[in-house]
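Thanks for coming, everyone. I'll walk through one chain today, piece by piece. Have a look at the screen first.

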Amino acid sequence: MVLEERLLAPGPVPISPAVRTVMARPAVHHRSATFRAAFVRARSLLAEVLQVPGEDVLLLGGAGTTAFEAAFVACVPPGATVVAAHAGKFGERWAQLARRYGHHVTSVEAPWGSVLEPASVAAGLRAEPQAGVLTITHSETSTGTLHDLRAIAAAARAAAPDVLIVVDAVTSLAAAELRPREWDLDAVIAGSQKGLMLPPGLGFAWLSERAWARLPEAGRRHPAFTLDLHAERPRQRQGATGITPPVPLVLALEVALEQLLAFGVESWWWHKANLNAAVLAGLDALGCRAFAARPSPAVAAVWVPAGVEAAAVSQALLALGVRVGGGQDTFATRMLRPSVLGYVDAFDALAIVAAFERALHALALPVTVGAGVARFQRRLVDGV
Ligand SMILES: *Cc1c(COP(=O)(O)O)cnc(C)c1O
């Protein structure tokens, strides 16, 4: 018997009872004092979580990609040269977006599952002396990889001091260490339905002063209307938006951020990394090897064992009430991506491993039921 499907995928993620409750409250007008106060407070808490206290983080109705596009057009002039560093599907998306805007784009690529090397990114920038922008995905959700953004940003800055470093932090925000100021990043974007424990529908964008100052006059930028961050910035400081915001999500954001900050942002990073490592260890004991050379705490991308298709495992997991992410592109038949993102604790994470061993057993694969769970527990209890 399955009572309720468990959402253990890298977005959308489970949400807390407090967040569900606030979203069920009677409707609030977006020009009311109540809403303005909540909006201002949510932005301020979000800046704390993003390690940029007191700075502007803009909220946009839409998704993470909406926020990326808005941040990109806010600081990248038409006809720019863009170096896109990628080793997975989301990183590739930013190269596509830049091409769609007519930029000259060169890629620094690494195979899916491997890391982007700081030296390769630096070499890519040196090879394009005109490059004004570097795009990069911190936690590459399609491969389960956490790129070493601190080292990559330092190498990029040394190779091209004025380059704008535009970062997709959709699954690293509230999952992995992320320090936009210390690491000298220029734009960091994320969305609500991943680490922040909210439903989909909000995108977030933070820009450095360097990025805000790059294109001060509208005439030098690609035209944008609903995605014009330069127009939004002064409004949002007053708790207002140019267009109607997703009111319940903003109220929910305030609650989710309070919960996260009460736990502690750094503790949260540590907790997620630990849970994900335990899931990877448990799945490894079942013959599901990690896909990523440097795993992201946001997602445990694994190969399914030889002799079975990912879709069959996925179906068997669903029959047990566990929904995980599937593999993407050419890895769709061989990879699964369970995740501990969002309102997920150790016993939710344990359900991933317990369900995998039951699913593989149901598919007549040679697994010892209990071996994965034992490995998971040992990793959490003994740290090895
Ligand atoms: C989910 C995800 C996205 C896309 O987010 P949307 O909110 O669907 O636009 C982008 N990048 C990464 C790394 C993601 O995990």
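**A walk through the model**

Start with histidine 30, which counts as buried at 15% relative accessibility. Buried means under 20% relative accessible area, exposed means over 50%, and partly exposed is in between, with a 1.4 Å probe and protein chains only. Histidine 30 sits in the loop between α1 and α2 (33-49). Helices here are DSSP runs of H or I with at least four residues, strands are runs of E with at least two, and both are numbered from the N terminus. What does histidine 30 contact, leaving aside its neighbours within four places in sequence? Phe35, Thr244, Pro245 and Val247. Contact means heavy atoms within 4.5 Å.

A word on the source. This is a predicted model: local features need pLDDT of at least 70, side-chain atom pairs count only at pLDDT 80 or more, and totals for chains, interfaces and linings use all residues. Residues are numbered from 1 along each chain as its sequence is written, and side-chain values use heavy atoms, with hydrogens and water left out.

Now the domains. The assignment gives domain 1 (6-12 + 264-382) and domain 2 (17-261). Those bounds come from an automatic or database domain assignment. The domain centres, taken over C-alpha atoms, are 28 Å apart. Across the boundary, 27 residues of domain 1 are in contact with 31 residues of domain 2.

Serine 16 is worth a stop. Serine 16 lies in the loop between β1 (6-7) and α1 (17-23). Is serine 16 buried or exposed? Buried, with a relative accessible area of 0%. Leaving aside neighbours within four places in sequence, serine 16 contacts Gln259 and Tyr343.

Next, the seven-stranded sheet. The sheet is open, the order is β2-β10-β9-β8-β5-β3-β4, and the pairing is mixed. β2 (57-61) and β4 (104-109) are at the edges with a single partner strand each, so one side of each has no neighbour in the sheet. Neighbouring strands are turned by 20° against each other on average, direction ignored. Two strands pair if DSSP finds at least two bridges between them.

Look at β8, residues 164-168. Five of the five residues are buried, so β8 is largely enclosed by the rest of the structure. Leu164, Val166 and Asp168 are on one side, Ile165 and Val167 on the other. In a regular strand the side chains alternate between the two faces of the sheet.

Who are the partners? Strand β5 (residues 131-137) runs parallel to β8, joined by five bridges. Isoleucine 136 has valine 167 of β8 as its bridge partner. Strand β9 (residues 187-191) also runs parallel to β8, through three bridges. There, aspartate 168 is partnered by isoleucine 189. β9 then pairs with strand β10 (residues 202-207) over five bridges, in the antiparallel sense. Glycine 191 has glycine 203 in β10 as its bridge partner.

Helices cover this sheet too. α6 packs on the sheet, touches β5 and β8, and makes about 160° with the direction of β8. Axes are lines fitted to C-alpha atoms, for helices over the stretch in contact, and angles run from 0 to 180 degrees between N-to-C directions. Alanine 154 is in α6 (residues 149-159). At 47% relative accessibility, alanine 154 is partly exposed. α9 lies across β2 and β10, at about 60° to β10.

On to the cores. A nonpolar core is a set of buried Ala, Val, Leu, Ile, Met, Phe, Trp, Tyr and Cys residues joined through side-chain atoms within 4.5 Å. The largest has 61 residues, and Leu173, Leu185, Leu196 and Phe204 touch the most other members. Helix α9 (residues 247-263) gives the most to this core, with 10 residues. The core draws at least three residues from each of domain 1 and domain 2. Leucine 196 has contacts that include Leu46, Val49, Phe204 and Leu253, not counting residues up to four places away in sequence. A second, separate core has 33 residues, among them Ala278, Phe356, Leu360 and Phe376.

Last item: a helix pair. The axes of α10 (residues 265-284) and α13 (residues 371-382) come within 7 Å and cross at roughly 150°. Residues that meet there include Ala278 in α10 and Phe376 in α13.
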